[in-house]
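This report looks at helix packing, charged pairs and aromatic rings. Have the sequence and the 3D structure at hand while reading.

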Amino acid sequence: MRNISSVLGRLAKSISVSLVLLFAVTTVSHAQDAKEGEAIFKSKCTSCHAINRKLVGPALKDITKTKDQEWLIKWVRNSQALIASGDPDAIAIFEEYNKSVMTAFTDLSDDQIKSVLAYIDAESAKADNPEKGGDKGGAAVENTGASNWSILGMVGIILLALVVIVLLNRVSKTLEKVIAKNQIAEDANLGTGTDSRYLAFAKSFVKNKKLVFFAVLMIVAVLSVAGWKTMWNIGVHEGYKPVQPIKFSHQLHAGVNKIECQYCHGGAFKSKNASIPSANVCMNCHNTVTASEHYDGEISPEIAKIYKALDYNPDTRQYGDNPSPIQWIRIHNLPDFAYFNHSQHVVVAGVECQTCHGPIQDMEEVYQYSQLTMKWCVDCHRKTEVNTDNKYYDQLIEAHEKLKKGEKMTAAMIGGLECGKCHY
């Protein structure tokens, strides 16, 4: 009976999937051109343009109502050629946007550009009348769907299939209830014998004193090891990964885009702390890079958080008077009594960032890779060879030579003027 129930359930699911596929096949042609235009728009246009908002270029809402289609095709394919021809509209747009040169899309055919314009029309209509899904104004997409008879036939098939699915579900549930009752009855019949076997095993176990002693000894040993391990790891935050206020991806910036760590963490070269970059460092790139091509022409939500922190308006490119700091959560944190100098390790010893921080270039979200315990640091110092090919050790050699000659040596000669000697 269980097999019959499962077969009926699978049959109902198959009918449902078939209906969805059939509906998709009959409706896919309704927006063929707009779909193609959407794909082209998102791959080539969203870095500079949005439908309802000005980015690097103008907002494109209702652009086909203000400009002729043939003119738009020429502009998209090669705007500079249109400007060079002396077209007054092209020259006016070029002057309005500070003579910013638009990319020439010579690889697009006329039909592909028309598909993009159809997509823009459809999105413009949605903005004008969102309740109707953007049909206002009529996107440049023809309905090549089925005839009225085929639509009525489709409706009839759907209704019939729904009836069949309902009936199959009821039969399946009834069979499942019968199976469940039979299972309960079987468990009740076997219950007495099972309980008696468990009880007999428990009594024999308690009577065997050697076995009881061995079991207690094993439990004490396991708990002791677990307790020792827990106490040993107190204060060790290996794998710690807090939720940050902005989802900054080191994988994208340091991995894909190959940005040097010290571009943002400049303190690693010259001070004890690597330092967290200010939001102004982020704006060196993100005043123009908005990742809008991945968000349907809208600014990335994470980049928008940077703009909010700086009270920056991306439309006017102006800063306001109400900035607020980004509340980053510290991940790598040594005890107060432990002194660690980034510049001494990075500049003098030439230690790579990955030595302590792990494969930071592959981390979507940063976490503490290493233990950062005293044992971990001591082990590293025991196996790391000292690089004497730098000015720091040249000063020490010079100081020792003066000592051999009986000359005086000052603290400044052995690094006594370094800020980190006193300030930490």
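Is D110 buried, partly exposed or exposed? D110 counts as partly exposed, at 35% relative accessibility. The model is a predicted one, and every value here is computed from it.

D110 belongs to a helix contact. Helix α4 spans residues 69-77 and helix α7 spans residues 110-128. They pack at an angle of about 110°, and their axes are 10 Å apart. That angle makes α4 roughly perpendicular to α7, because angles of 65 to 115 degrees fall in that class.

Which residues meet there? On the α4 side they are Q69, L72, I73, V76 and R77. On the α7 side they are D110, I113, K114 and L117. Sorted by class, the contact of α4 with α7 has five nonpolar residues, one polar residue and three charged residues.

Two of the residues in this contact, R77 and D110, also form a salt bridge, at 2.8 Å from N to O. R77 is in helix α4 and D110 is in helix α7, so the pair ties together parts that lie 33 residues apart in sequence. R77 is partly exposed, with a relative accessible area of 24%.

**Salt bridges within a helix**

The count of salt bridges in the model comes to eight.

| Pair | N to O distance | Location |
|---|---|---|
| R77 and D110 | 2.8 Å | helix α4 and helix α7 |
| K305 and E302 | 3.3 Å | helix α14 |
| D379 and R382 | 3.9 Å | helix α17 |

K305 and E302 both sit in helix α14, residues 301-310. They are three residues apart, about one turn of the helix. K305 is partly exposed, at 36% relative accessible area. E302 has 19% relative accessibility and counts as buried, because the cut-off for buried is under 20%.

D379 and R382 lie in helix α17, residues 374-383. They too are three residues apart, or about one helical turn. D379 is partly exposed, with a relative accessible area of 32%. R382 counts as exposed, at 69% relative accessibility.

Salt bridges can also join into a network. K61, D62 and K65 are linked in this way.

**Aromatic pairs**

How many aromatic pairs does the model hold? The count comes to five. A pair of aromatic rings is described by the distance of the centres and the angle of the planes.

Take W228 and W232. Their ring centres are 6.3 Å apart and their planes stand at 25°, so the pair is stacked. Both residues lie in helix α9, residues 209-232, four residues apart, which is about one helical turn. W228 counts as exposed, at 58% relative accessibility. W232 is exposed, with a relative accessible area of 58%.

Next come Y307 and Y312. Their ring centres are 5.0 Å apart and their planes stand at 55°, so this pair is tilted. Are these two tyrosines, Y307 and Y312, buried or exposed? Both are buried. Ring pairs also bring in Y319: Y307, Y312 and Y319 are linked into a cluster.

Terms used: Residues numbered from 1 in each chain as written. Predicted model: local features only at pLDDT ≥ 70, side-chain atom pairs only at ≥ 80, totals over all residues. Heavy atoms only, no water. Axes fitted to C-alpha atoms, helices over the stretch in contact; angles between N-to-C directions. Parallel < 35°, antiparallel > 145°, perpendicular 65-115°, else oblique. Contact = heavy atoms within 4.5 Å. Nonpolar A, V, L, I, M, F, W, Y, C, P; charged D, E, K, R; others polar. Salt bridge = Lys/Arg side-chain N within 4 Å of Asp/Glu carboxyl O. Buried < 20%, exposed > 50% of the residue type's maximum accessible area, 1.4 Å probe, protein only. Phe/Tyr/Trp six-rings, centres within 6.5 Å; stacked < 30°, edge-to-face > 60°.
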